[in-house]
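Colleague: Could you take a close look at one helix for me, and then show me how its chain is put together?

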Amino acid sequence: MADVALQSNRAAQAARKRGSLHRMLKRKSTVAFLMTLPLILLIATLVIYPAFYALHLATLNKSMQRFVGLSNFEFLFRRETFWLVVKQSCIFAITAVIFKAVLGFIIAHFVHNIPAKGQRKWRGMLLVPWVIPPAMSTLAWLWLFDPSYSAFNYTLSFFGIGPIPWTGDAMWARFSVILVNIWVGAPFFMIMYLAALKSVPEQLYEAAAIDGANWWQRIWYVTLPMMRNIIAITTLFSLIVTFANFDIVRILTAGGPLDHTHIFATWAFRIGIEGSDIPLGASVSLFMVPILAVAAIFILRDVNKRGNES
Amino acid sequence: MATVTIDKAAPTRKVKYGSMSRDRTWALRWSYFFLVIFAIFSLTPPIYMLITSLKSSAEISAATNPWWVFHPTLENYVGLLTSNQFLRFFWNSAIVSIFVVTITMLISVPAAFALARMRFWGSAVLATGVFLTYLIPETLLFIPLFKMFAVIGDWTGIQLINKWYVLLILYPTLTVPFCTWIMIGYFASIPKELDEAAIIDGASWIQTLTRIFIPVAFPGIIAATIFAFTVSWAQFLYPLVFTTSTDQLVMPVGIITTLIKGDVFNWGQIMTGALLGAAPPLIIYAFLMDYYIAGLTAGATKG
């Protein structure tokens, strides 16, 4: 509008060519487009293009000179290790997410229970695992799990519990990577649930208490329905991140013993980068897409629903 | 207030009221009990890092009580902080993180402003696309990106692989979508009257952004900056794949590839390095916890 006032006397003939209002609208969308251009370029060249490039790579042979169709996938389906990785990825992601969600919910309740004055301090301490870079904290866990100097085994020996092969035995190694993942991820759930708990109106609990509801009924009929949306979003989001995890498994076990703790990301790294078979590595990592897509669709639906409600 | 009415209405409830208050005390005690257990679980690894970092190699291999330092020494810290290699990692990490934060904010703040305020053709689709991009993990893209940069190197002669600055191109793919997304949320919460007033007063769109939106949404900008810094400081997969020479490595990869030599684990130094690597995010967190948490919860609660 300011443009109209300033330029009306100066550019009368220009105004005849096209309406100045039209020009301003055009300018607004041009400015907006220029402002989003770096973002669009970044997403297009470094996210969308590589995603499709991965599809193309997956159809090439090891030296990347010949089109081989789906034979990379056929090769994977015939390998026992591949099915081990599929199984392990699912066990890892599902177990870890369930425990993170349950632990996060419980901790959030305890933090919510105590007087508001002390909550900040506890919240600050309990969020530390999420703040430390996972690669660094996994090193501490690796040292805690050390085969000969394990501090856990030292402590457990006083209770007569023999040395546990934390990363040496297949079952224990699975337990260890899941434990470290829970340790890193539970604080995220805690903080999200705590924010959700604080938004539940106090009157609902008072009403429930007057109706004679016990604590379990209050959680089941008041807290959970009020938090349903945030629980869904957090769980789905964590499912994606956990399923695509790399750091923890790579540092703690590097996939061992005997490939029993490999998940898609670490196995793709082993094959594609360390084994220099880029097409096969790309094929492995593509198997993450279906589950990620399903989770993403549900998240998007929930986020849009929240947007419409508010 | 509720208790007063109960007392008035039925004196027999007095017993009930007493038991409720006892229930509350017990609930509080149980809460503290479990919170202490969870806090121990949370803090054991970082505290153990600190304990080990104060031990000499001789004490570690003597296998005395691992939870106690008998002869505290700073030799691990002195050893690392005087090693050129380690300082190089720290320097690389710092440079990469600072550049990435700057690039991220320069891309995401204008984009978020345009998407939140200047409705244009396809803006709604683009906003959803930004959120979807945020959900694509780096573990899906590292192999095609590695091949892409190798091909670019062959075609143009610009060698990007095994140079620290390749990370400046890669990290924004992780930080920009999320920062744009939370900035859209912060900008959308600013009242429409504010920018309408600015436009009527003759401000351009750029002026509206720099003079009004950025100052008003400053807490959001701090939250996004902290997020971008934490992500670029902690990123492990991309530097592991794209950089190999020791002078190009960043902290996390540097510590893991150079301090772990074959089967010889110098645990005192590894834990010291890990602690120093964890220090910058922890210090930021200690001082700006509220912004940190605001950024963390904004991803799912805004929008």
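**A helix and its surroundings**

Modeller: Happy to! Let's begin with helix α9 of chain B, residues 172-188: its 17 residues should span 24 Å at 1.5 Å a residue, and the end C-alpha atoms lie 23 Å apart, which agrees. Please keep in mind that this is a predicted model. Of the 17 residues in α9(B), 15 are buried, so the helix is largely enclosed by the rest of the structure.

Stepping back to the chain, the domain assignment divides chain B into domain 1 (2-53) and domain 2 (80-301). The centres of these two domains of chain B, taken over C-alpha atoms, are separated by 40 Å. Where they meet, domain 1 of chain B gives four residues and domain 2 of chain B gives six. The domain 1 side of that contact has two nonpolar residues, two polar ones and no charged ones.

Now for the partner chain. Between the chains, the contact draws 75 residues from chain A and 77 residues from chain B. On the chain A side, helix α3 (residues 20-57) supplies the largest share, 18 residues. By class, that side of chain A has 62 nonpolar, 10 polar and three charged residues.

Finally, an unreviewed UniProt entry lists residues 86-301 of chain A as "domain: ABC transmembrane type-1". Over that stretch, chain A is 77% helix and 0% strand, with its end C-alpha atoms 27 Å apart.

How values were computed: Residues numbered from 1 in each chain as written. Chains lettered and ligands numbered in written order. Predicted model: local features only at pLDDT ≥ 70, side-chain atom pairs only at ≥ 80, totals over all residues. Contact = placed C-beta atoms within 7 Å. Helix = DSSP H or I, 4+ residues; strand = E, 2+ residues; numbered from the N terminus. Nonpolar A, V, L, I, M, F, W, Y, C, P; charged D, E, K, R; others polar. Domains from an automatic or database assignment. UniProt positions renumbered as here; feature names shortened; annotations may be inferred. Expected span 1.5 Å × (residues − 1). Buried ≥ 20, exposed ≤ 12 C-beta atoms within 10 Å, placed from the backbone.
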